[in-house]
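This briefing looks at how aromatic side chains pair up. Please keep the sequence and the model at hand while reading.

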Amino acid sequence: YEADYNAFNKMIWQRGIVWDAHKNGSLSTGQSGFLPNRTSIETLLYKGKKYIYSNITHSPMATVDNDAKSCYDRIVATLALLMSNKFGAPDEFCCTVGNTLRTMQFSIRTAMGDSPKTNSHSSDTPINGVGQGGTASPTFWLLVSSTLFDCYQRKAHDMTMSDPTDSISINQWLEAIVDDSSRFTKLAADDDIHTLVCTLEQDSQEWE
């Protein structure tokens, strides 16, 4: 990407859209990647805390870890831009990024130099992805994954943790760092493993 174009994207998406959505509380709390004031260490601690809670309460629990392979290359740009618009990105900025991705020319670079022939997006041979190394790409994945998490939480089973008096409870479905996510399912202490397996299969299908 050209340096000024990358700087433009960083200013608009990372410094503008993400911070505004974070302040408004419209992003899923399950995604820690690229969120302001969140780190991978916190996510690790949250995950370990769930195992400790399950052990103390003797409640059956299961975890499924997913890695969204080549997530930046698989993002449908039009969908990511529509989500950006939903989170407050102006139409003009979305059109600028969309037109850039649509008209980019791709060549293969090797030790022998760049290929003389290029490839570009078309309706017959669409090229998905928002670009490795683009400063807007992390935000696109944040918005896409946050929306996916919200959809998942409406149908899947959660993991509920509460204090001994049941006066404070927390409901959580998953924890993620960028494209690495962990989904949690916990049942009551008197449920058997078969019930847990069936519940886990159902939740996994919802995620798929």
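Is F93 buried, partly exposed or exposed? At 25% relative accessibility, F93 counts as partly exposed, where buried means under 20% relative accessible area, exposed over 50% and partly exposed in between (1.4 Å probe, protein chains only). The model is predicted, so local features need pLDDT of at least 70 and side-chain atom pairs count only at pLDDT 80 or more, while totals for chains, interfaces and linings use all residues. Residues are numbered from 1 along each chain as its sequence is written, and side-chain values use heavy atoms, with hydrogens and water left out.

**Aromatic pairs**
- Rings of Phe, Tyr and Trp (its six-membered ring) pair if their centres lie within 6.5 Å, and planes under 30 degrees apart count as stacked, over 60 as edge-to-face and the rest as tilted; by this rule there are five aromatic pairs.
- F8 and F93 are edge-to-face, because their ring centres are 5.4 Å apart and their planes stand at 80 degrees.
- This pair links F8 in helix α1 (residues 3–24) with F93 in helix α5 (residues 91–103), 85 residues apart, helices being DSSP runs (H or I, at least four residues) numbered from the N terminus.
- F8, at 22% relative accessibility, is also partly exposed.
- W13 and F140 form an edge-to-face pair, with 5.6 Å centre to centre and 70 degrees between the planes.
- W13 lies in helix α1 and F140 in helix α6 (residues 137–153), so this pair ties together parts that are 127 residues apart in sequence.
- W13 is buried at 0% relative accessibility, and F140 is buried with a relative accessible area of 2%.

**Cluster**
- One aromatic cluster is formed by F149, Y152 and W207.

Note on methods: Helix = DSSP H or I, 4+ residues; strand = E, 2+ residues; numbered from the N terminus.
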